[in-house]
Amino acid sequence: MSNVALVVGTKKGLFIFRSDSSRDGWKQSGPYLPGIEINHATLDARSGALYATANNAWFGCRVSYSTDWGETWVDNAADPKTAEGSGLDVQRLWRVQPAGDAEPGVLYCGADPAVLFRSDDAGKTWSENKALSTHPTRQSWNPGAGGLIVHSILTDPARPGRMWVAISAAGVFRSDDAGASWQPKNANLKNIGHKYDPNIPMYTEVGQCIHHLVQGGGDRLYAQSHWGTYRSDDGADTWTEITEGLPSDFGMVMAAHPRNPDVAYVLPLQGAELRCPPDGALRVYRTSDAGKSWQAMTKGLPQSGAFMGTYREGMTVDNLDPLGVYFGTNTGQLYASTDEGDTWRQVTDNLPPISSVSAAVL
């Protein structure tokens, strides 16, 4: 029988929830790294190691990792930091992402100000991806409310060397040569600048405020942005807007089904000025036809007086059948669905603000 682990990063440490494959009951442990702001944490299924991007206002940022389920931690002496050449100073570590099974020991870390690091030795040492740091369009990148950040990092299991990153606010970039070069891939994505200043063109090479990017299998990608929800069927060469049917054009989180590329999930928020569910109703929206239509999944979620928000790393899925879908809120609630989103129940109501949720099946 499989076991499921939810690795939850919060503003005051990391928590782990474990269950068997029924996912009917969860055992909580933690906090680990207590008092430290964990922007993102994940379990590397290849090795069983936990990784966390730990940020501290006084002592700076670091990647911490544990090989014994959080009982002991190594604070990396060779943390991602500015390498020679770019002249950029790292302000904050954002996401730590294991590569695919074909690259054991390879990890990526995205950071502010829009830098990407790679480790080839399971996080012991890191090198800066200078092709992204010195990209010729960089002068047109601008920070969003959370900073100028590399947040989403995808590696293509079917095509060695192909990967994508999303940067707020710059857009989607793809590499087909393992990061040696990057191409902006923002055709038909709206530039958020136009929403506030009509003198800025709506469609530009860069300048899009992408909030989250996920792969739905093969060349199918989904993107949640500051201004719309989108689908690509060709590896990000072109995008189609699929916002119609959602209650707003703004959201932070997104997840894709690992086996059905037509199924994806979003949790819309009212907008940038009020980052709460529209109408005070907490609703996860699911598409089963690649964004042609959306259905509100509400059973078990509060449908009045719900004014919490979500952060961009706060939704995930497992790979069981039926699919498990999970999300956390910035008011400390953790929700789980074990039937692909049809129904929800609250796992806990008592955590610090949740920054990230990752799932692993063991």
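Here is a short exchange about strand pairing and salt bridges in a predicted model.

Trainee: Happy to start with the open sheet of 4 strands: which are its edge strands?

Mentor: Good place to begin! The strand order is S3-S2-S1-S28, with antiparallel pairing. Strands at the edge pair on one side only, and these are S3 (27-32) and S28 (354-361).

Trainee: Now to the charges: is arginine 95 buried or exposed?

Mentor: Arginine 95 forms a salt bridge with glutamate 313, with the closest N and O atoms 2.4 Å apart. The two are 218 residues apart, arginine 95 being in strand S8 and glutamate 313 in the loop between S23 and S24. Glutamate 313 has 3% relative accessibility and counts as buried. The cut-off for that is under 20%, so arginine 95, at 16%, is also buried.

Trainee: How many residues apart in sequence are the parts tied together by aspartate 219 and arginine 162?

Mentor: Their side chains meet in a salt bridge at 3.4 Å, N to O. Aspartate 219 lies in the loop between S16 and S17 and arginine 162 in the loop between S12 and S13, so the parts that the pair ties together are separated by 57 residues.

Trainee: And which residues are linked with that pair in a network of salt bridges?

Mentor: Nice follow-up! The structure holds 21 salt bridges. The network links Arg162 and Asp219 with Arg159, Arg174, Asp176, Lys185 and Asp237.

How values were computed:
Residues numbered from 1 in each chain as written. Predicted model: local features only at pLDDT ≥ 70, side-chain atom pairs only at ≥ 80, totals over all residues. Heavy atoms only, no water. Pairing = 2+ DSSP bridges. Salt bridge = Lys/Arg side-chain N within 4 Å of Asp/Glu carboxyl O. Buried < 20%, exposed > 50% of the residue type's maximum accessible area, 1.4 Å probe, protein only.
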